[in-house]
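Subject: Structure handover

Hello,

Here is the structure I promised to pass on. Please open it first, then read the notes below.

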Amino acid sequence: MKYLNQYVETFQEALKQNEFKDEPKELYEPINYILTLGGKRLRPIITLMATDLFGGDMSQAIKPSLAIEYFHNFTLMHDDIMDKAPLRRGKTTVHEKYNVDRAILSGDALLIKAYQYFEDLPDNKFKEIVTLFSKTGQDLCEGQQYDMNFETQLEVTEEEYMKMIYYKTGVLTAASFKIGAIIADASPEDANHIFDFGKHLGIAFQLKDDLLDVYGDSSKVGKMHAGDIFENKKTILFIKALEKASEEQATELRYWYKLNTENIDKVYSVENIFKQLRVDHMVEHEILEHTKLAKQYLEKIEGIENKKVLKDFCDDLIGRSF
């Protein structure tokens, strides 16, 4: 993604310049730790890119892009605690490296910092952007609760699951695009179109993550292989499998997903059923459908001349192997 280099470099320099040196160090050290773990930085880059493509002043988007990255990492810190995850981006999670109490408090501080980084916005943009940001945060919390509910809920419909991943992943991607558009004074219509572009791109991205959890290389994905199976997460793979499963296969799937165990036999058995049913092909079809929807909204945008950048971004993001 060479066309993203300017945005990546701008953001990385801003992140470096805004390293937290406040006291007490016990509060800010975990924040600096998670922010240096790397990751794709997709959401802040999206905001910078949208601002630029709509003809705005990218310097006005730097602090909002940092706010989005801070917020995203706040959610990761707390999600990892709830998921009891040992790894994040291939490294020890914050609560494992420090402790749960510090991870909770540092996450809270990072959320507050995120809101502070919107304070320099012009008055005519501040309210609209912060209102969108707060609604996004509320949706994310609701999505996380749905995700937690699904771990013990015996049946999850595809409609329920798609709503959950929109709230957990799609909405922040969509909001990141729209915030950039607002900063650049895009028309309300274009701002809404790029929001919908981001929504479906975010959904496709999460479906791809679900696929890579089982079919990807864990050393590249940066997470434990088949972590969703271990945690009884009823992802799109599980839902699609139940749709096509025989009575015997469905009984076995439900049996394994009731067990709270890291038994390797569980992973082997579930993966075997997924492969028998060719679940990966069904999920790839869903990814393609949401990618098509994203591009349809992209075509409606009038205020961007170089749409190829966003088309390439979409194709590269969804076509990734890790």
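Start with a salt bridge: the side chains of Asp 80 and Arg 88 meet in one, at 2.7 Å from N to O. The term salt bridge here means a side-chain nitrogen of Lys or Arg within 4 Å of a carboxyl oxygen of Asp or Glu. Both Asp 80 and Arg 88 are buried. On that scale, buried is under 20% relative accessible area, exposed is over 50%, and partly exposed is in between (1.4 Å probe, protein chains only).

Some ground rules. This is a predicted model, where local features need pLDDT of at least 70 and side-chain atom pairs count only at pLDDT 80 or more, while totals for chains, interfaces and linings use all residues. Residues are numbered from 1 along each chain as its sequence is written, and side-chain values use heavy atoms, with hydrogens and water left out.

Side chains of opposite charge can pair when their charged atoms come close. How many salt bridges does a search of the whole structure find? It finds 18.

One of them joins the side chains of Lys 135 and Asp 139, at 2.8 Å from N to O. Both sit in helix α7 (residues 123-152), and because they are four residues apart, about one helical turn separates them. Helices (H or I, at least four residues) and strands (E, at least two) are DSSP runs, numbered from the N terminus. Lys 135 is partly exposed at 43% relative accessible area. Asp 139 is buried, at 5%.

Another salt bridge joins Glu 299 and Lys 311, at 3.0 Å from N to O. This pair links distant parts of the chain: Glu 299 is in helix α15 (residues 279-300) and Lys 311 is in helix α16 (residues 308-318), twelve residues apart. Glu 299 is partly exposed, at 45% relative accessibility. Lys 311 is also partly exposed, at 32%.

Salt bridges link Asp 79, Asp 83, Asp 147, Glu 151, Lys 168, Glu 231 and Lys 233.

A helix pair

Look next at helix α4 (residues 62-83) and helix α6 (residues 100-116). Their axes come within 8 Å and cross at roughly 160°. Axes are lines fitted to C-alpha atoms, for helices over the stretch in contact, and angles run from 0 to 180 degrees between N-to-C directions. That makes α4 roughly antiparallel to α6. The cut-offs are under 35 degrees for roughly parallel, over 145 for roughly antiparallel, 65 to 115 for roughly perpendicular, and oblique for the rest.

Which residues meet? Those of α4 include Tyr 70, Phe 74 and Met 77, and those of α6 include Ile 104, Leu 110 and Leu 111. Contact means heavy atoms within 4.5 Å.

Backbone points

Most residues other than glycine have a negative phi, and most peptide bonds are trans. The peptide bond from Glu 23 to Pro 24 is cis, with omega near 0°. Pro 24 is in the loop between α1 (5-17) and α2 (25-35).

Arg 41 has a positive phi, near 55°. Arg 41 lies in the loop between α2 and α3 (42-53), and is buried at 7% relative accessibility. Phi of Lys 84 is positive as well, near 55°. Lys 84 is in the loop between α4 and β1 (87-88). Is Lys 84 buried or exposed? Lys 84 is exposed, at 67%.

Best wishes
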